Amino acid sequence: MEYTDINSCIQILHEKPKWFFQKENIADKLKCFDTIQKVGTPSTIYSLIPFLRNENILIQNKAAETILFLFRKLKSLNEYADSLKHLPIEKSDLDFYRTDFDEETYLQLLGIASFNSNGYVREKAVKELARLKNADGLLFILLRLGDWVTAVRKAATEGTLSFLESNYIDDLLKQLPTIDWILKVGRVDLSEIHDRIIQFIFCLLYTSRRG
């Protein structure tokens, strides 16, 4: 039943007016997004990505809301990779998201894009996350430290180092499990960046306690 509901909704979302003077049924399409939020899974995100660039702002915003709702269901790195790497997102889409969505929505869409199978998309997503310098994007930057593309790792390293400031100490502490995880990455030795982060945290905590 759930499978049928989702398929029917995706079909409705793609429907175009059959006649020149016929209006698009926006109300039904918005209801479909609500249905997808109720019964959809993160794998449904693939079918919703194109609607982020819909010409109707109501559909566009509802698509973003639904995608982020399903995105938040993902809990592990493997789930992120499996559900997000093949999404139909291109570099040019990120420019569109930047201008058409609020910063919090844009940041989460960048997080999604940072898992894309295209290295150019991942690199641009990481650079944008670093530019925003929002603590909610730190996790996605840290996860790309172990990327298999050198340019993406470089962007992630620069982005991570930009967070080594006292006002981000609480956010760094929250990400300690992820920071320790980077030592497990086999394709590249990340001990240097790991040690630099840990030393920064230790020195800052030590100084604050003495003060």
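Read along the sequence, this protein follows the pattern α-α-α-α-α-α-α-α-α-α-α-α-α. It has 13 helices and 0 strands, where helices (H or I, at least four residues) and strands (E, at least two) are DSSP runs numbered from the N terminus. The model is predicted, and local features need pLDDT of at least 70, side-chain atom pairs count only at pLDDT 80 or more, and totals for chains, interfaces and linings use all residues. Residues are numbered from 1 along each chain as its sequence is written, and side-chain values use heavy atoms, with hydrogens and water left out.

Consider the whole chain before its parts. Taken along the principal axes, the C-alpha atoms fill a box of roughly 70 × 35 × 30 Å. Of the 211 residues, 45% count as buried. Buried means under 20% relative accessible area, exposed means over 50%, and partly exposed lies in between, using a 1.4 Å probe and protein chains only. Contact means heavy atoms within 4.5 Å. Among contacts between residues at least 6 apart in sequence, 66% join residues at least 24 apart.

Next comes the interior. In soluble globular proteins, nonpolar side chains tend to be buried together. A nonpolar core is a set of buried Ala, Val, Leu, Ile, Met, Phe, Trp, Tyr and Cys residues joined through side-chain atoms within 4.5 Å. The largest such core here has 65 residues, and those with the most contacts inside it are Leu52, Phe71, Leu84, Ile89, Tyr97 and Ile112. Helix α4 gives the most to this core, with 7 residues.

Two packed helices are described by the angle between their axes and the distance between the axes. The axes are lines fitted to C-alpha atoms, for helices over the stretch in contact, and angles run from 0 to 180 degrees between N-to-C directions. Helix α2 (residues 26-39) and helix α4 (residues 57-71) pack at an angle of about 5°, with their axes 9 Å apart. That makes α2 roughly parallel to α4, because angles under 35 degrees count as roughly parallel, over 145 as roughly antiparallel, 65 to 115 as roughly perpendicular and the rest as oblique. On the α2 side the contact includes Ile26, Leu30 and Phe33, and on the α4 side it includes Leu58, Ile59 and Phe69. By class, this contact has 9 nonpolar, 2 polar and 4 charged residues. For this count, Ala, Val, Leu, Ile, Met, Phe, Trp, Tyr, Cys and Pro are nonpolar, Asp, Glu, Lys and Arg are charged, and the others, Gly among them, are polar.

Asn56 is in the loop between α3 (45-48) and α4. Its side chain reaches the backbone nitrogen of Leu58 at 2.9 Å. The C-alpha atoms of Asn56 and Ile26 are separated by 8.7 Å, although the two are 30 residues apart along the chain.

How many residues of helix α7 (residues 103-113) are buried? The count is 9 of the 11, so α7 is largely enclosed by the rest of the structure. Among the buried ones are Thr105, Tyr106, Leu107 and Gln108. The buried residues of α7 pack against α4, α5 (77-84), α6, α8 and α9. Asp102 caps the N-terminal end of α7, with a side-chain oxygen 3.2 Å from the backbone nitrogen of Glu104.

Helix α6 (residues 91-100) holds Asp93. Is Asp93 buried or exposed? Asp93 is buried, with a relative accessible area of 8%. Its side chain makes a polar contact with the side chain of Arg53 at 2.8 Å. A polar contact is a pair of N or O atoms within 3.5 Å; within protein, one must be able to donate a hydrogen and the other to accept it, and residues adjacent in sequence count only if both atoms are side-chain atoms. Thr99 is also in α6, but Thr99 is exposed, at 63%. A polar atom of the Thr99 side chain lies 3.0 Å from the backbone oxygen of Phe96.

The last stop is the loop between α8 (119-132) and α9 (138-143), where Lys133 lies. Phi of Lys133 is near 50°, a positive value in a residue other than glycine. Lys133 is partly exposed, with a relative accessible area of 25%. Asp136 is found in the loop between α8 and α9, and at 44% it too counts as partly exposed. Leaving aside neighbours within four places in sequence, Asp136 is in contact with Glu104, Leu107 and Gln108.
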